Amino acid sequence: MADITLSPDRLQRAQTPVTRRRTSLRNFKAQGLAWMLALPALFLMAMLLLGPLLAVVVLSFTDYSLGNTSLDWRGLDNYQAMLGDDIFYKSISNTLVYVGIVVPGSLILGLGAALLIESLTRGRAFWRAVYFLPVMATLIAMAIVWEFMMSARFGIIPQTLALVGFPAKNWLQETATALPVLCIIGIWQSLGFNMVLFMAGLSGIPRTLYEALELDGGSSAWTRFWTITWPMLAPVTMFVVIITAIRSFQVFDTVHVLTKGGPNNATMVLIYQIYQEGFDFFRSSSAAALTVVFLVFIFILTVIKARTIENKVHY
């Protein structure tokens, strides 16, 4: 018997014009209902996300200051003043240095902590909680604790370093060491979050791959790591790099509590400069221009993240 089953294309061609119109009408009604149901959420998204973003962009082209009842259009004057400000370049440089140190540091230590905890036979839950505690704690409160720990008179870190020959001083008040100390605090704060992500990636690696490698003679821990673990963690690693970079660009709390951008702008970062322009000097238009630059950096990182997830990472 001949096969009379019609393919979807043949079935669509076999439909009469009246049937096609009815189908199109049903699809149009379904799409219209879907848009109507989504309209409240889209309206809130526009008001809460796109509205403030548009307001910031518009303010960056004006002379508005906080408290003023009027404003004038200045065009690109705010951006020209920003590009002629040495503090702007200092804040960009410090931000990039901070990101360049915190991202690889927290990635390497987070991966190491995940591997060590996964190798334990007991106490995994305890050590997970210990490493993840900085992520759960309020960063401002932790920054105050770090401030006491770095005190030159009674801080445990300077006093301990003094025992091995280093001068007992507050390293956060030194131009050469303030930013590296903030980077160490940033690594400490990001380590637990990255560790959890890597542990999730490790749990998804099939054990059969390690068994097959052992049959081929690869029984050492180093061989297991470079042959299976590291390649299989490639998607997680890319995600950790992008997320940590975005969070590092947003560093503010520790700078505000510990150094306030000093000494001599040694720890001035982009977010803190935006805060100073907007709330210390009340130059809202200048703060808006800086915010646009900050959003450009975040947008670039977000696009890289989206492209990475879309294209995925090949093993």
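Residues are numbered from 1 along each chain as its sequence is written. Because the model is predicted, local features need pLDDT of at least 70, side-chain atom pairs count only at pLDDT 80 or more, totals for chains, interfaces and linings use all residues, and side-chain values use heavy atoms, with hydrogens and water left out.

I start with the pockets. A pocket is an open set of points on a 1 Å grid over the protein atoms alone, where a 1.4 Å probe fits, with protein on both sides within 12 Å along at least five of seven lines; lining residues have an atom within 4 Å of a point.

The largest pocket has a volume of about 340 Å³, meaning the space filled by probe spheres set on the points, which are joined across faces, edges and corners. Its lining includes Leu 115, Tyr 210 and Trp 222. Which helix gives the largest share of that lining? H10 does, with five residues. Helices here are DSSP runs of H or I, at least four residues, numbered from the N terminus.

The second largest pocket comes to about 210 Å³. Of its 14 lining residues, Tyr 98, Leu 139, Gln 189, Arg 247 and Val 251 lie nearest its centre. H8 provides the largest share, four residues.

Now Ser 91, in helix H4, residues 86-119. Is Ser 91 buried or exposed? Ser 91 is buried, at a relative accessible area of 0%; buried means under 20%, exposed over 50% and partly exposed in between, with a 1.4 Å probe and protein chains only. Beyond neighbours within four places in sequence, Ser 91 is in contact (heavy atoms within 4.5 Å) with Met 268, Val 269, Leu 270 and Gln 273.

How values were computed
Helix = DSSP H or I, 4+ residues; strand = E, 2+ residues; numbered from the N terminus.
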